[in-house]
Structure formats: structure tokens, C-alpha cells
Amino acid sequence: MGRAMGIRFFQGQKIKYEHEFRQLREIVEILRKEYPKEPVYLLTGVLVANGQIDCVILTKNGPLILELKAFQGEITGMENGNWVAKTKDGAIPLPNLFLQAKIHRQDFIDRLIPTCREHFPQIGETNLRKTGSWLYFCKGSTYPEGQIDFRKVKWFRIVTGEDLIQKMRFMDTGYTLRIQDMDAIVEALRLEEYSFEDGAPLVPAARSRKRPLISRTTLIILVLIFGLFIVGIFIVFTVPGARVAAQNGLQGVTTLVGGWMHTVIQETVKANSTPDDSQQAIIYLNRLRIAEGALPIAYDSRAYSLALARAHDMADFQYLNYTNPETSSSALALKRWHGFRENETVLETLYGQWTGYTPGIERQAIDSWISDTGNRQRLFFAQSAGGMACVGGYCSYIGVRPAPVVVNATSNSTGNVSAA
């Protein structure tokens, strides 16, 4: 799969301290490497009933709370009592960090329960209570064993930049958080989207400035056409015999402008790839395949139909995965409904972007796939045909491997074997 989404940043309170920004920047760099193609929301400065949560990471595996602690050393502390950070500058007494993480976790869950009931009841409150609340210390910090039993307190961990991703991979929430679910959480918390680099607020996608119906170049062309039209009218009424010629010329110009306007309107309002878009994408892909020494493939209308259905499904349910997390629909399950036989192999590759459908997204998706090793192999595997389609910002490419040819062998009267 390819993804042009990246990480989106939301805040309740602005970052006030330099050490918090440094640790957040470290987390951002880690997440960008681990999730280059998956939607990730990073929430900062989230106010809850009993304080402020430093950081919440939203991924498809659910929310994860991180309390940022700018200490490096040996960390000691249990469920009860105070904690201590033994640094190179000496022991630094700390409050009960376990209790702080527990309180913030409970406040966060309580805040999300109404949103869960309204927007994603399929997750359930029981699964929502699996939300983790971890302490994030500076790299090089350690937490000796024999203190808190993490097997019994599964929601709590002590992590650094060195093992954050490793521990996140073992998060087991029992559900998948969709993009619309993440949006609902952000809206419920009333957070503002912002640019992490400069802290400037961003215009929400729903309020972003719409693209003009026509470009500046198009407007200039229209003005020129109108000017020529005025000149033509003047000639018709001042030059003898020009009326007939003008009528013929005007008819041609009208046909040309009408076709051009139809194309402009079609490109403006369409929200998905047409069969022609798909064919042009295959032509572009073949150029890349030939350049790499691979055989070109044919355009398959069945592959386009299946890819269009898959892209529609992802756009409708707001997910980017080979299987619909709600209906379990997939390219494999749908292929026979689009004309494929059971013994034909189809292989899917996915891409998505925040900005919805834009002209040329098909080629943009191919460029993204080519730059990724796994997706590149999917585009260059032994296939005879293919097709792709995009709906909204979701794209699906279907590669087709033909059914194997079955040769029936029969024996003739001389004992030789012949193929039927």
C-alpha cells in the first residue's frame, strides 16, 4: 500500500517547554519511519479532568497515551509511594508517576465513552478500556525488573525512543480504529490541527479553500475567445459576403468550445477514475516495466471494474487495507463478481491521500508504489494484465495472472503420448 497522508498534528494547549518539544520531535521521527503509509494522529496538550496529557498517538490499533518525562537514568517506582530518577547528576525525587498515568488514562477513557457510543459503537467500551498509558523517558533510561508486574498491569509501560515502536507492535486492543473514528475523537476533544514545525494552526480539511472551477490560464483563453467573437461580429456587419463564412466558422468554433467546456466540467466534477484513466495508467506503468526489463501488460476491463469497486469500498468505509475491517470484503472475495475465474490470480496494491481525487492521482499512486520495495514487487510480478481505479483519495491496482493451461495427455496406438 502507498500512503501520502503522513502524520497529522492536533493540540489542545500549545507546547510550552523546550524539553517537551524535543521529545515530541523524537517521537515524530520514530513514527514517520514506522508508519510511512498509515494514518497517524498525534495529539498534544490534551486537557482532561485532572490535568493535561502530554501526548496521545492515534493509530489503527487505537489510542496510546504518552506522559513525557525529560529524565535519563535508572527509574525506580511502584504502584504506591514516590518515584526516583537516578541520573548522572544524582537522584531526583518524583511524584507517583504510576498514579498520574492511571488518572490521566481514566479521564481520557471517560471522555471518549460518549464518542464511542455515538460514532464507533462496534469497538465497545470494554475494548476502549484497553487504552495504554505509558511513561516516555529519555533514551538510555532503564526500569529495573521486580517493581511493577507488567503482565498484570497490561496498560502500563516504561518506554524510551529505543523501544517505543517495539512495544507498540505488541499492542492488542482487539479492534481497528478507522480514519473517521480518529476524526470523531479529535472533534470530541475539540482539538485544533496545527503544523508541528512552526506551531501555526491549519485550516481543517472540511473548511479548506476549494479549487477554482477554472484556472487563470483558462480564464485568459475565455477572454480571448470572447474578444475574437466581438471582432467577428464587427466583420460580419461591415464586410460584404462575410456573413456566410462567419456562420460556418462560428459553427466550428462553437463545436470546439463546447467540447472543451465539456472536458473542463468533466475533469472538475468527477470523483473517480474512468476506463480511459485506467488505460493511461497501464500505459505509464508499462513504460516503467519496460525500462526495468519486464514485459508490458495488457489493460483488463475486469481488473478496472474490480479496482473501482475496491476503491469505492475504501472511500465509503474510510479505511486503507486489503480487507474491509467491518465487512471483511476484499479483492479476492469480489473477483468472481467482476468476471474472474476461480483459478485466475489477482494481486492488489493500494494507495491513499488526504486531498481526495485529483487529476493525475493514478500516476502519482504508481510513482509512490515504485519507490517502495514491497509495492514495487507487486507491480513487477509475473502478470499478463491489470487495471486500476481511484475514488476520492483511495486507489486500487489489480494485477492479473492468467489461469494455468491444463494439458490433457492421451496415449495413441503406438504408445506415444499426445496432447489434447
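# A quick tour of this predicted model

The protein has 420 residues, and 43% of them count as buried. Its chain is built with twelve helices and 17 strands.

**The big picture**

- The protein exposes about 23000 Å² of surface, and carbon and sulfur atoms supply 56% of that.
- Take the contacts in the protein with a separation of 6 or more: 66% of them come from residues 24 or more positions apart.

**The seven-stranded sheet**

- Seven strands form an open sheet, and reading across it you get the order β10-β9-β5-β4-β3-β2-β11, with mixed pairing.
- The edges of this sheet are β10 (158-159) and β11 (192-194), each of which pairs on one side only.
- Helix α1 packs on the sheet, where it touches β2 (7-11), β3 (40-48), β4 (51-59), β5 and β9.
- If you compare directions, α1 makes about 140 degrees with β5.
- Inside the sheet, β5 (residues 62-69) and β9 (residues 132-137) pair in the parallel sense, over six bridges.
- To find a spot where you can see this pairing, look for K69, which stands opposite F137 in β9.

**Helix α5**

- Helix α5 covers residues 179-189 and lies across β2, β3 and β4.
- Its direction runs at about 20 degrees to that of β3.
- The buried ones are I179, D181, M182, A184, I185, V186, A188 and L189.
- D181 turns up again in a charged group: R178, D181 and E326 are linked in a network of salt bridges.

**Salt bridges**

- Side chains of opposite charge can pair when their charged atoms come close.
- The count of salt bridges here is 16, and a few of them are worth a look one by one.
- E18 and R22 meet through their side chains in a salt bridge, at 3.5 Å from N to O.
- These two sit four residues apart in helix α1 (residues 18-34), so about one helical turn separates them.
- An α-helix has 3.6 residues a turn, so residues three or four places apart point the same way.
- E18 is exposed, with a relative accessible area of 60%, while R22 is partly exposed at 44%.
- K167 forms a salt bridge with D163, and their closest N and O atoms are 2.8 Å apart.
- K167 is partly exposed at 27% relative accessibility, but D163 has 17%, and because buried means under 20%, D163 counts as buried.
- E292 and R376 form another salt bridge between their side chains, at 3.1 Å from N to O.
- E292 lies in the loop between α8 (275-291) and β12 (298-299), and R376 is in helix α12 (residues 373-380), so this pair ties together parts that are 84 residues apart in sequence.
- At 51% relative accessibility E292 counts as exposed, whereas R376 is partly exposed at 27%.

**Cysteines**

- The structure holds one disulfide.
- That disulfide joins C390 to C395, with the sulfur atoms 2.1 Å apart.
- The link between C390 and C395 is right-handed, with 110 degrees about the S-S bond.
- Both C390 and C395 are buried.
- Elsewhere, C116 is buried, at 2% relative accessibility, and C138 is partly exposed, with a relative accessible area of 24%.

**A look at T87**

- T87 lies in strand β7, which spans residues 83-87.
- Is T87 buried or exposed? It has a relative accessible area of 18%, and T87 is therefore buried, given that the cut-off for buried is under 20%.
- Which residues does T87 contact, if you leave aside its neighbours within four places in sequence? T87 is in contact with Q72 and I92.

Note on methods. Residues numbered from 1 in each chain as written. Predicted model: local features only at pLDDT ≥ 70, side-chain atom pairs only at ≥ 80, totals over all residues. Heavy atoms only, no water. Salt bridge = Lys/Arg side-chain N within 4 Å of Asp/Glu carboxyl O. Buried < 20%, exposed > 50% of the residue type's maximum accessible area, 1.4 Å probe, protein only. Contact = heavy atoms within 4.5 Å. Disulfide = S-S within 2.5 Å. Pairing = 2+ DSSP bridges. Axes fitted to C-alpha atoms, helices over the stretch in contact; angles between N-to-C directions. Areas by Shrake-Rupley, 256 points an atom, 1.4 Å probe, with all protein chains shown as cover.
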